[in-house]
Amino acid sequence: MEFLDLPPMLGAAGRVRLPGSKSISNRVLLLAALAEGETDIRDLLMSDDVERMLEALRALGVDWRREGDSLNYHVRGVGGPFPVKTGELFLGNAGTAFRPLTAALALSGGEYRLSGVPRMHERPIGDLVDALRQLGADISCTANEGYPPLHLKPATIRPGGVVRVRGDVSSQFLTALLMALPLTGVETTVEVVGELISKPYIRITLELMARFGVQVQQQGWERFVVPGGARYRSPGTVFVEGDASSASYFLAAGAIGGGPLRVEGVGSASIQGDVRFAEALEQLGARITMGDNWIEAAAPAGGVLKAFDLDLNHIPDAAMTLAVAALFADGPCRLRNIASWRVKETDRIAAMAIELRKVGAEVEEGADYLVVSRPPRLRPAAIDTYDDHRMAMCFSLISLGGCRVRINDPKCVNKTFPGYFDAFGQVARPVPVVAIDGPSASGKGTVAARVAEALGWHCLDSGSLYRLVALAAMQAGVALDDEAGVAALAASLPARFEGGRVLLGERDVSDEIRSEACSVGASKVAVLPRVREALLDRQRDYREAPGLVAEGRDMGSVIFPDAAIKVFLTASAESRAQRRHKQLIEKGLPARIQSLLKDLQERDARDAARPVAPLVKMPDAALLDTTERNVDEAVAFVLDLVEAGREVTGR
């Protein structure tokens, strides 16, 4: 499975231009297709869901074209039911395409088969099918009654009168009916049975139908009258707003990560209900400002979000972001009236509970609610996304808790926001890393410790970790060939590097790990795959605010490939042998410079020939040859690189 590793972030600020709204994009495409005249659509969302709608419309006889590489499309409407009367349509997991097309095709007098991915076949559509059957539609559920795939056959439609549809499972059923009923030409009343959920999405439907010339009479949220003789007519040009649901991730990032963070494309003039996510954030203490076409969020004055207990029925998609924001609140948080989550791209209540627990949260899951309590400290985790774009985007926010996180199947965001992680990377500030690599005895440890001290950052001496693992195993009575036991110790090793000292817990073991026993033990544990894997993650966990200076083999190539500053520190073998000889003599240890030189040359050859991650200067690393430089000069060189990087990024 593909994955994306996000490093711990220091904060988030800046601005993001949002992609077009999925809900608006697919509604506008269908209305433009059914309308008389030609419609220019500006800023259409480019995503998997919209691609499925475009493919379906072309198969149904609708002529559309894209203007070059832009997000502008020209649609020639068919002025009524679809002209193509037979077809097999695959609609992926696009509910905003599947439900409305089902209704429009049921009233188009043709024979069609509609299918999707396995998850779409688990998402209920029976309430819409039942409502269409009241009009005389001939629809069969070919696998399980009430669920796709569907087989639609020509039928005698009995338009007019009253049609009843449930409103407590998905608002898309009502949207689909309302958008299709003008095809009958007869006045029809739609009565909603039960509480209508996600009312803001119905507002979007009514607003867009009005733009295309059909004014639905609304009697509360229980009755809707589609007038007789109504026909869709192109308004000429339609602009697609930025996606308000997608705005929620960046607004939350601003509230969690300091901000200010501004999203452009939605604001107080938006027709999307999910702009009310900003109101919910404000109740949590976030500082919110808003214009007609933008919203900006910053952290609360006290820095911590307030615990909440909210009915989120009106913003079900954006509410998912609040479930992750709860990890940054000052107490348990309750999300209520979210039963619709269970019939979305996945069972989002169950999925959210599982993944929140992975990062350490306490979660209470109910039929239509979640209660989330933050852990004392977030845990790194690999987040499964269930082919659900919103799971992937929500859990990117974990990184703002100073915790690395892995997002499995990150491309699932293509459903609505293909460029999401790039956009997130533009506004989130990773904990900076200086990675210092190079051959043995090149001075990496000394330079790294001095640079870390000057910057006030953490230091990682990776070479000492294997020695520490061996020492910890011997002290705990764990056999050095017990791979599972040693790996468990490696994963939780309480090791720190401060002021040139190596600490195991609170004990200074700088000299102890240089013993012959530790050297031999380190060689034994270093060949154990599970130990190496455990130390890979363990090394990454040293990446904490305000920054990390990490020295050792593969630091810039394997451990921290995204390090902002990479240094390959080297010196001639002769120079390194002389330094090692001097160190040993000062400690009163016997040493011969010729044997040290031979040992270093042989080790260089082995390191360069390693089949996995051979020792080599990375293309993006700065070369620092210290053959003719002292330690002070080397430290100054690295500090200058750090300062230059700050000037370039403005961070």
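Helices (H or I, at least four residues) and strands (E, at least two) are DSSP runs, numbered from the N terminus. The model is predicted: local features need pLDDT of at least 70, side-chain atom pairs count only at pLDDT 80 or more, and totals for chains, interfaces and linings use all residues. Residues are numbered from 1 along each chain as its sequence is written, and side-chain values use heavy atoms, leaving out hydrogens and water.

Select strand β31, residues 565–570, and pick out Lys566 within it. Lys566 is buried, at 7% relative accessible area (buried is under 20% relative accessible area, exposed over 50%, partly exposed in between, with a 1.4 Å probe and protein chains only).

Now show the side chain of Lys566 with that of Asp620: the two make a polar contact at 3.0 Å (a pair of N or O atoms within 3.5 Å; within protein, one must be able to donate a hydrogen and the other to accept it, and residues adjacent in sequence count only if both atoms are side-chain atoms). A polar atom of the Lys566 side chain also lies 2.8 Å from the backbone oxygen of Pro561.

Colour Lys444, Val447, Ala448, Val451, Ala452 and Leu455, which are buried. Viewed down the axis of α13, the buried residues fall within an arc of 130°, so they line one face of the helix (the arc is that of the directions from the helix axis to the C-beta atoms). On the face turned away from the buried side are the exposed residues Glu453 and Ala454.

Finish at Gly456, which follows α13 and has a positive phi, near 75°.
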